[in-house]
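Let us walk through this protein from the whole fold down to one residue. Start with the sequence and the model side by side.

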Amino acid sequence: MIDVPALVEQARGGGPRAVARLISLVENAAPQLREAMAALAPYTGRAYTVGLTGSPGVGKSTTTAALVSAFRARGRRVGVLAVDPSSPFSGGALLGDRVRMQDHATDPEVYIRSMATRGHLGGLSWAAPQALRVLDAAGCDVILVETVGVGQSEVEVAAQADTTVVLLAPGMGDGIQAAKAGILEIGDVFVVNKADRDGADATARELGHMLALGEARRPGDWRPPIVKTVAARGQGVDELVEVLEKHRAWAEAGGELAERRRRRAAAEVEAIAVAALRARIGDLHGDRRLDALAARVAAGTLDPYAAADELVEGVTASTGPAGA
């Protein structure tokens, strides 16, 4: 039997085991999840969430580790949510970010959690929003969310972060990939990592030109800066932290931070509601209502949209508001 109130109290005190168990409840969609989220809700909304994304090989994990060091030097408590791709065969994940962040593994003020996508597209795990709530309630000042290597559709991190950092590296064709992927639209800060390599200046210039071409900003709008780093040696990381702090201050002053968090909450509520409806409809397989509607669609006496409307109406009417 899981004692949720005790777990929440231990997590608020920074207990790593309690935080781990709460995130496991999230990942497993355990029956106690609703109770846990209700208990955590009053203690959330304080942490600053930074999302890091970019193509595989640009140094996301190394940059994340360097940022942990920089924030810890400033006395911040840091949570890391590192998402790795799941194997399509076993469903498991290497969770290699743990290996790259061993220097912080024994720091009680740093909590690192690796999560598998479990087939979820978008660069994040489906459980990420609730996991972020757990880390927030556990007293993290800053939460770093590192996504799966981003492709042309995996830009979901922007919906989960207060500030989104897009990493690129010279010699990887990242400029063209960024233009294709919609990455330019989601980035609040751009980082050209591995800046000691040939072509780093050219990559930064190319990125600057692309950003200028795509600009449609009003006076006072945030203009994404480009920071050059060598994360493996810590070079440029302090400058990156300063830029992150500037973006946070701008977002707080103009109401952008509150609006992003409102949109994030709306998307989270919608996702939970859609999942609940999908589960109810899934329970109808073999049900006479669904079979009858399917027979009418197959016979051509009813179109599929009208059938779907009738099915949804029937499902919601049968459960009522109390079943939501």
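What follows moves from overall figures to one helix, and then to a residue inside that helix.

The model is predicted. The protein has 324 residues, and 44% of them are buried. Its secondary structure comprises 14 helices and seven strands. The accessible surface is about 16,200 Å². Carbon and sulfur atoms account for 55% of that surface. Now take the contacts between residues at least 6 apart in sequence: 74% of these join residues at least 24 apart.

Next, turn to helix α3. The helix spans residues 33–40. Its buried residues are Leu33, Ala36, Met37 and Leu40. Viewed down the axis of α3, the buried residues fall within an arc of 95 degrees, so they line one face of the helix. What does the face turned away from the buried side of α3 carry? That face carries Arg34 and Ala38, which are exposed. The buried residues, in turn, pack against three named helices: α1 (4–12), α2 (16–27) and α6 (128–137).

Now zoom in on Ala36. This residue sits in helix α3. Why does Ala36 count as buried? Its relative accessibility is 1%, and buried means under 20%. Leaving aside residues up to four places away in sequence, Ala36 touches Val4, Val8, Leu22 and Leu25. Ala36 and Ile23 lie 13 residues apart in sequence, and their C-alpha atoms are 10.0 Å apart in space.

Terms used. Residues are numbered from 1 along each chain as its sequence is written. This is a predicted model: local features need pLDDT of at least 70, side-chain atom pairs count only at pLDDT 80 or more; totals for chains, interfaces and linings use all residues. Side-chain values use heavy atoms; hydrogens and water are left out. Buried means under 20% relative accessible area, exposed over 50%, partly exposed in between (1.4 Å probe, protein chains only). Helices (H or I, at least four residues) and strands (E, at least two) are DSSP runs, numbered from the N terminus. The arc is that of the directions from the helix axis to the C-beta atoms. Contact means heavy atoms within 4.5 Å. Accessible areas come from the Shrake-Rupley method with a 1.4 Å probe; for residues, only the protein chains shown count as cover.
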